[in-house]
Amino acid sequence: MPLTNKERMAISRQSMPEREANVRNRDFNEVNIGFDGGLAQTESERCLQCKDGKCVEGCPVGIDIPAFLDKIAAGDMRGAATILLSANSLPGITGRVCPQEEQCEQVCVRAKGKNGKPVAVGHLERYIADWARENLDMKTLLAPATGIRVAVVGSGPAGLTCAGELAKKGHDVTIFEALHMPGGVLTYGIPEFRLPNKVIDAEVDRLRQMGVKIICNVVVGRTFTIDELLHEEGFSAIFIANGAGLPMFMNIPGENLKGVYSANEYLTRSNLMRAYDFPEVDTPIVRGNRVVVVGGGNVAMDSVRTAKRLGAQEAILVYRRSREEMPARVEEVHHAEEEEIIFKLLTNPVRILGAPDKWVRGIECVRMELGEPDDSGRRRPVVVKGSEFVIDCDLVIMAIGTRANPLLTQATPDLKLNKWGYIEIDETGATSKPGVFAGGDIVRGAATVILAMGDGKRAGAAIDTYVRTKHGLPALP
Amino acid sequence: MFPILDTKWLASDVKWFRIAAPLVAKHRQPGQFVILRLGETGERIPLTMAAADAQTGTIELIVKAIGKTTRLLCGKEKGDAITDVMGPLGKPTEMHKVGHAVLVGGGVGTAVIYPLAKALKDIGCHVTSITGGRTKELVVLEEELKKVSDRVLATTDDGSYGFKGTVADMLTKLMGDQERPIGAIYCAGPVPMMRAICELTRPHKIPTIVSLNPIMVDGTGMCGGCRVTIGGKTQFACVDGPEFDGHLVDYAELADRLTAYRPQEKIALERMEHECKLAGVKA
Ligand SMILES: Cc1cc2nc3c(=O)[nH]c(=O)nc-3n(C[C@H](O)[C@H](O)[C@H](O)COP(=O)(O)OP(=O)(O)OC[C@H]3O[C@@H](n4cnc5c(N)ncnc54)[C@H](O)[C@@H]3O)c2cc1C
Ligand SMILES: Cc1cc2nc3c(=O)[nH]c(=O)nc-3n(C[C@H](O)[C@H](O)[C@H](O)COP(=O)(O)OP(=O)(O)OC[C@H]3O[C@@H](n4cnc5c(N)ncnc54)[C@H](O)[C@@H]3O)c2cc1C
Ligand code: SF4
Ligand code: SF4
Ligand code: FES
């Protein structure tokens, strides 16, 4: 007997089991434990199975959310996994890192009203993805091999998704990755306590099983140019997904002192190079006692929580606007607070102070207040005159954003860029250069995992059409 | 994996390697470097390519054993392999027919100027190479440099070999030579040496290019760890360099930043020595 809407409404949102805050803030194991079968079933029964499923529109890749939740409620995990995977090839990742509260869950009808709480779509997605990883032999059906070679530059979510789409369509796909490990930001940026490497490894393995080749240590633009890939190495098309990894600094005095990191460097040392395990591994990292992280996004949140785990007595987040304007995922902010991260809001650094030995000793800040809304609709922070004060600290991490990395684009002068250096594409993902497509952060600027995946999927379809036309092959049914 | 095809000791702590890395070899230009990593727990370190051959798909490195990673590397022999070799990285040297080119190398820096000497000679410069060390054992690559230079001048601080004095003293002498005015100077070595050379050439406005060696991680412009201040502006040495106009470099900052991991480097080395002792091998 299916539940009535009234019965469904009576169930309250199940909360995600988490590890104890002051235990987890000392190690790098995952914070969220995950739903068990019972919690998953109960939570999925909260879904009202809306006919016009607003939640589906809220998901950038259009997962049939009510359908997969219905399968969970019925105990059909295999069925749920099939629906989920048909729209989203990396659900174990998006279930963990999507800003659900701004997407599928924001528009869920159950979010309405003062005490409304959306169905926990993300947590359920994570549950099914993990179940499938353990229990299903996920052989993807591949179309007959076409022998057409396509190159993908970068192995972040955009590149991985595009490679998967193209492999499914029978093409011979090679991913070129600059670093020694695949995964992009998922590997080098987002910490283990939020997204364990085993989840990424499983995805990468699945692609390899589908015949995708991943060649690391290749910096496109230096090791090969785009033109060489097209004209000498025999690739019929290229998808560029090299991310937006050029760290920004504030250009304030003291930024080159010892003990000032970009978030990219700090997180790369800790995640990619596993410096938290020094001296068991060879890459060192500066462990601060009082650490200040500047910024209010996911990157800042990951950095400050990493600092705590690396032993900081006080890990302090400095952000120039107020809590409401913080772009970080709600769950991260909440977890950070539980982990005793100190928030200094409406505060902006003006310079970094050094000791005579050129190590950081503090950061001078001013207080801010919120003025009129700016272009982004957020209220613009303005400096409170004469409010300078110093926060003593021995490590500063700048997490104030990234810009387009010009390494590849400079080596490809005929690729049209916008004024910020991001690659321009049309609605299919095609760039100004024939046979070359692009997506993810190198097109959007720092965005999200699911948007990067959406781009990879769309470009995969466009590339399939392009290469089939080019080689005179019929379209797949 | 990148197989080591051949090795040779050039000094008691300097080793030459030929490594199979076909993709890197194909595009390498003088002045460029690779980042390599040894094993799954290894760190990423930058090393200049002394030479490369696209035909055979090989690159050559000259490595001075100073810390854990370079010592582990120098312990490798023909038949061993390197886990990761990424490149070519950095901007190629901007080379012009400058007439008389003087190359100044100190310590590991000599490994960096060696390929430049060859390249500058190939485009028709008259090449003088100066290689210096505190004492005789620390003068490296003299023989190799002779093959690619018109003239090689060795210096030792203690006079135990060649000219007695620093490379800067030698350069002062050369600058006084009216017969052969210097068109440009290329310099690589310890920071105080590069700074001293630039102070010498600045009043004479002799173009001086230095190859900087900040600590690096990714080598693609992603981390900003390699930032240096050039003419008051922050630049990332791995993508904007590693060669810069030596008269614009903030050497004090570079020298400071190179000391950031001193305590950790010491720990890493001591642990390695301890493990080697336990295993009964020489570090
Ligand atoms: C610390 C951090 C936390 C984040 N948290 C979240 C979150 O919780 N939720 C969310 O949705 N989003 C989050 N994001 C944003 C999200 O990770 C990115 O939007 C997404 O990864 C972009 O994917 P991409 O495939 O475009 O590029 P990337 O993931 O940046 O991958 C690009 C890859 O290309 C490689 N590459 C670069 N240049 C070259 C070259 N020349 N040749 C070959 N390879 C090259 C890089 O090494 C990298 O592996 C976070 C980002 C960071 C940095
Ligand atoms: C672009 C570039 C090209 C280079 N080319 C060569 C080369 O051709 N041959 C060669 O032998 N070395 C070269 N180096 C230096 C080499 O990268 C370092 O010697 C190496 O990283 C040290 O690693 P380690 O673990 O052995 O020593 P560590 O234990 O990391 O360091 C030991 C000592 O070396 C100093 N040091 C650390 N990193 C560097 C660095 N990047 N440069 C200089 N000193 C450093 C430290 O201050 C410390 O005192 C180059 C460096 C750069 C940036
Ligand atoms: S992919 Fe993201 S937005 Fe889409 S349903 Fe899953 S959690 Fe929601
Ligand atoms: S909007 Fe909410 S309740 Fe309605 S189908 Fe989607 S998840 Fe279920
Ligand atoms: S080494 Fe990371 S930006 Fe240069």
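**Close-up views of a predicted two-chain model**

**View 1. Seven strands of chain B line up in an open sheet.** In this predicted model, 7 strands of chain B form an open sheet in the order β11-β10-β9-β8-β12-β13-β16. The pairing is mixed. Two strands sit at the edges: β11 (163-164) and β16 (243-245) of chain B. Each of these edge strands pairs on one side only.

**View 2. Strand β16 of chain B meets its partner, β13.** Strand β13 of chain B covers residues 208-211. β13(B) and β16(B) pair in the antiparallel sense. The pairing runs over 3 bridges. Look for Val210(B): opposite this residue stands Phe244(B), in β16(B).

**View 3. Two helices of chain B pack on the sheet.** Helix α3 of chain B spans residues 109-122 and packs on the sheet. Helix α3(B) touches β8 (100-106), β9 (126-133), β12 (184-188), β13 and β16 of chain B. The direction of α3(B) makes about 165° with that of β8(B). Helix α6 of chain B, residues 191-201, also packs on the sheet. Helix α6(B) touches β8, β12 and β13 of chain B. Its direction makes about 165° with that of β12(B).

**View 4. Chain A and chain B share an interface.** Here 44 residues of chain A are in contact with 46 residues of chain B. The size of an interface is often given as the accessible area lost when the parts come together. Chain A and chain B bury about 3,700 Å² between them. Of this area, 53% is on carbon and sulfur atoms. Which three residues supply more of the area that chain A buries against chain B than any other three? They are Arg222(A), Asn256(A) and Asp282(A), which supply 21% of that area.

**View 5. Salt bridges and polar contacts cross the interface.** Between chain A and chain B the count is 5 salt bridges. In a salt bridge between Arg271(B) and Glu280(A), the side chains meet at 3.2 Å, N to O. Polar contacts link 22 residue pairs across the interface of chain A and chain B. On the side of chain A that touches chain B, the elements giving two or more residues are β5 (246-247), β6 (260-262) and α13 (263-272) of chain A. Helix α13(A) gives the most, with 4 residues. The residues on this side of chain A divide into 21 nonpolar, 10 polar and 13 charged.

**View 6. A salt bridge links a helix and a loop in chain A.** Over all chains, the structure holds 50 salt bridges. One of these salt bridges joins the side chains of Arg126(A) and Glu30(A), at 2.9 Å, N to O. Arg126(A) lies in helix α8 (residues 121-135) of chain A, and Glu30(A) lies in the loop between α2 (21-24) and α3 (37-45) of chain A, so the pair ties together parts that are 96 residues apart in sequence.

**View 7. Two strands of chain A form a hairpin.** Strands β10 (residues 347-354) and β11 (residues 360-373) of chain A run antiparallel, joined by 7 bridges. The bridge partner of Thr347(A) is Arg367(A), in β11(A). Between β10(A) and β11(A) there are 5 residues. In the turn, Lys358(A) has a positive phi of about 70°.

View 8. Gly87(B) and Pro88(B) are joined by a cis peptide bond, with omega about -5°. Pro88(B) is in strand β7 (residues 84-89) of chain B. Another cis peptide bond joins Gly241(B) and Pro242(B), with omega about 10°. Pro242(B) lies in the loop between α7 (237-240) and β16 of chain B.

Notes: Residues numbered from 1 in each chain as written. Chains lettered and ligands numbered in written order. Predicted model: local features only at pLDDT ≥ 70, side-chain atom pairs only at ≥ 80, totals over all residues. Heavy atoms only, no water. Pairing = 2+ DSSP bridges. Contact = heavy atoms within 4.5 Å. Axes fitted to C-alpha atoms, helices over the stretch in contact; angles between N-to-C directions. Buried area = accessible area lost by both parts, 1.4 Å probe. Salt bridge = Lys/Arg side-chain N within 4 Å of Asp/Glu carboxyl O. Polar contact = N/O pair within 3.5 Å; in protein donor to acceptor, adjacent residues only side chain to side chain. Nonpolar A, V, L, I, M, F, W, Y, C, P; charged D, E, K, R; others polar.
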